[in-house]
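Biologist: Could you take me through a single part of this one, close up? Here's what we're looking at.

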Amino acid sequence: EDGINQEGQDHSIKSNQYEVMMVMSTIKYLLQNGYVSSDIVVLTPYLGQLYAINAALTQDRSFGGALLSDRDEEELMKAEINQDEKENDDDKNDDDDDKK
């Protein structure tokens, strides 16, 4: 577990960069083997993971972008998940690693 899970926050706000990379690899494999992006759906129970996957898909243009449902967008806005929070938490995790 890494990313934007912060002390005192809802446990549904988690992300895992390894899993994000696995999802990206799986999508790339499917696209290279004849599937089209409109046939692929990625489901995740965690808002942080949703944000991380969406950000990764949006950054890599070879995937054709990502589409979020209106409900997912509303949930992300309600949880106030944004890149600043993720960067702050990543910095905190780096500091914790330095202490070990």
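Biologist: How many residues in the lining of the largest pocket are nonpolar, how many polar and how many charged?

Modeller: They split into 15 nonpolar, seven polar and two charged (Ala, Val, Leu, Ile, Met, Phe, Trp, Tyr, Cys and Pro count as nonpolar, Asp, Glu, Lys and Arg as charged, the others, Gly included, as polar). Keep in mind that this is a predicted model, where local features need pLDDT of at least 70, side-chain atom pairs need 80 or more, and totals for chains, interfaces and linings use all residues. Numbering starts from 1 along each chain as written, and side-chain values use heavy atoms, without hydrogens or water.

The pocket (on a 1 Å grid, an open set of points with protein on both sides within 12 Å along at least five of seven lines; its lining has an atom within 4 Å of a point) holds about 640 Å³, counted as space filled by probe spheres on the points. Of its 24 lining residues, Ile40, Val41, Val42, Ala66 and Leu67 come closest to the centre.

Helices α2 and α3 (70-79) each give the lining at least two residues (a helix is a DSSP run of H or I, at least four residues). The largest share, five residues, is from α2. That helix is largely enclosed by the rest of the structure, because 10 of its 13 residues are buried (under 20% relative accessible area, 1.4 Å probe, protein chains only). Among those buried residues are Leu47, Gly48, Tyr51 and Asn54.

Definitions and conventions:
Buried means under 20% relative accessible area, exposed over 50%, partly exposed in between (1.4 Å probe, protein chains only). On a 1 Å grid over the protein atoms alone, a cavity is a set of points where a 1.4 Å probe fits but cannot get out, and a pocket is an open set with protein on both sides within 12 Å along at least five of seven lines; lining residues have an atom within 4 Å of a point.
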